[in-house]
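Visitor: Could you walk me through this structure, starting with the overall fold and then going into the details?
Guide: Gladly, have a look at it here.

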Amino acid sequence: MRELLRCTCEAAGCDRDLGEDQLMLTMETDGGVRRAYECDCGAVTVTVSR
Ligand SMILES: [Zn+2]
């Protein structure tokens, strides 16, 4: 199974695509895998996938 790592920056007016280049942290928790992305604009977007 291939995981989709891409998402979009949550900062208002940014909407940059975030991919593996922006991924700075992956954490496995009971609720799923959390990934923190740091966008070029400086905002950090966290996603959770199960
Ligand atoms: Zn951004």
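This is a predicted model: local features need pLDDT of at least 70, side-chain atom pairs count only at pLDDT 80 or more; totals for chains, interfaces and linings use all residues.

Visitor: What is the radius of gyration of the chain, and what would a compact globule have?
Guide: The C-alpha trace spans about 30 × 20 × 15 Å along its principal axes. For 50 residues, a compact globule would have a radius of gyration near 10 Å, and the value for the chain agrees with that: 11 Å.

Visitor: What percentage of the residues count as buried?
Guide: The cut-off to keep in mind is 20 or more other C-beta atoms within 10 Å of a residue's own. Of the 50 residues of the chain, the share that counts as buried is 10%.

Visitor: Which residue in E4 is the bridge partner of Thr26?
Guide: Start with strand E3, residues 23–29, and strand E4, residues 32–38, which pair in the antiparallel sense over six bridges. The two strands form a hairpin, with two residues between E3 and E4. Within this pairing, the E4 partner of Thr26 is Arg35.

Visitor: Which residue takes a positive phi in the hairpin of E4 and E5?
Guide: E4 also runs antiparallel to strand E5, residues 44–49, and six bridges join them. In this pair, Ala36 stands opposite Val46 of E5. The hairpin has five residues between its strands, and the one with a positive phi, near 105°, is Gly42.

Visitor: Is Cys14 buried, partly exposed or exposed?
Guide: Cys14 sits in the loop between strand E1 (7–8) and strand E2 (17–18). A residue needs 20 or more other C-beta atoms within 10 Å to be buried, and 12 or fewer make it exposed. Cys14 has 15 such atoms, so its class is partly exposed.

Visitor: Which residues is Cys14 in contact with, leaving aside its neighbours within four places in sequence?
Guide: Contact here means C-beta atoms within 7 Å. Val48 is 34 residues from Cys14 in sequence, and their C-alpha atoms are 20 Å apart. With neighbours within four places left aside, the contacts of Cys14 are Cys9, Cys39, Cys41 and Ala43.

Terms used: Residues are numbered from 1 along each chain as its sequence is written. Two strands pair if DSSP finds at least two bridges between them. Helices (H or I, at least four residues) and strands (E, at least two) are DSSP runs, numbered from the N terminus. Two residues are in contact if their C-beta atoms, placed from the backbone, lie within 7 Å. The radius of gyration is taken over C-alpha atoms; the globule rule is 2.2 Å times the number of residues to the power 0.38.
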